[in-house]
Amino acid sequence: MDEPVTPRDIDALYAWYKAMGVTDHAVDQPTDWFDLERQIQARRQEAGVRQVSGGPKPPARPVSPVARAPTPGSQSPPAAPSAPRQPAAPRRPVPVAPDAAVMTARSQAGSATTLAELAQTLQRFDGCGLKATAKSLCFYRGAERARLMLIGEAPGREEDLAGKPFVGRAGQLLDKMLAAIGLGEADVHITNVVYWRPPGNRTPTPQEVQVCEPFLERQIALVEPEIILLLGGAAAKQLLDSQDGIMRLRGKWRDLEKGGRRIKAIATLHPAYLLRTPNAKRQAWRDLLMVEAALRLGTGQTDPTAAAK
């Protein structure tokens, strides 16, 4: 004699169908699973209230009809696998108002007494929106203190993966440029005006640069450079407070007031631009010769004609 099908058997069959991805039964009207779930939740809440009040237990949950019950002697459908636990979502910075972010940046940056402390402060800082999409903080590479400090625009993909500025193709070209005037990584300090990679390697917005500026100014004060070489238009416009293009700004000495000190600064073309425009390397080479002459003779020698002699 056939064994009767129990509600438990039907529940197990439903669980198996659901695990296999079945969403509708072979009936005239599809089952509204969302409505069924709401009914189940409502009955569970009702059952909880009755248990607290000592009332009678609710009736058994009605089960929607299925196409066909399993035949006798067939294997029972497998139990539905438990859903894997999802890993905790990574922490995302909470958006901060621009003015409040700048004020917080000034307060936190000013309290750092070493580059290590400044790096830790940047790791905790959530005022820059770039941090939400970047993988790594790209603080600096090179010497902690150096006569020459190089400041570029923003990290790229390779820099974001490595956690250091100027390590991709543009960085490799920059290393060759520095080697041509007798300098290595241990002789310079290299960083950017923003410390996180902009999505798609786009140019950082003025707001993103402004939020990072207090940290950059504190970084300059801690490095104590004699000369700052600005790489590209974004860095030149920010540090020189100018709207002129890089072709107008490059090759000219300027005075910067940073950290209570007067520092000589000069702008040149970004190595990434030189990769796209090899003919422009001649202009960048002249700028480097000016830097070499100033380092060799001291910052008092900043006459552009001196490098050509």
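**Helix packing**

Tutor: The axes of helix 3 (residues 98-110) and helix 7 come within 8 Å and cross at roughly 10°. The model is predicted: local features need pLDDT of at least 70, side-chain atom pairs count only at pLDDT 80 or more, and totals for chains, interfaces and linings use all residues. Residues are numbered from 1 along each chain as its sequence is written, and side-chain values use heavy atoms, with hydrogens and water left out.

Student: Why is helix 3 called roughly parallel to helix 7?

Tutor: Angles under 35 degrees count as roughly parallel and those over 145 as roughly antiparallel, while 65 to 115 is roughly perpendicular and the rest oblique. The angle here is roughly 10°, and therefore helix 3 is roughly parallel to helix 7.

Student: What makes helix 4 and helix 7 roughly antiparallel?

Tutor: Helix 4 (residues 115-124) packs against helix 7 (residues 206-223) at about 165°, the axes being 10 Å apart. Helix 4 and helix 7 are therefore roughly antiparallel.

Student: Which residues of helix 4 meet helix 7?

Tutor: Contact means heavy atoms within 4.5 Å. L115, L118, T121 and L122 in helix 4 meet residues of helix 7, including F215 and R218.

Student: What share of the 309 residues is buried?

Tutor: Buried means under 20% relative accessible area, exposed over 50%, and partly exposed in between (1.4 Å probe, protein chains only). Buried residues account for 38% of the 309 residues in the protein.

Note on methods. Axes fitted to C-alpha atoms, helices over the stretch in contact; angles between N-to-C directions. Helix = DSSP H or I, 4+ residues; strand = E, 2+ residues; numbered from the N terminus.
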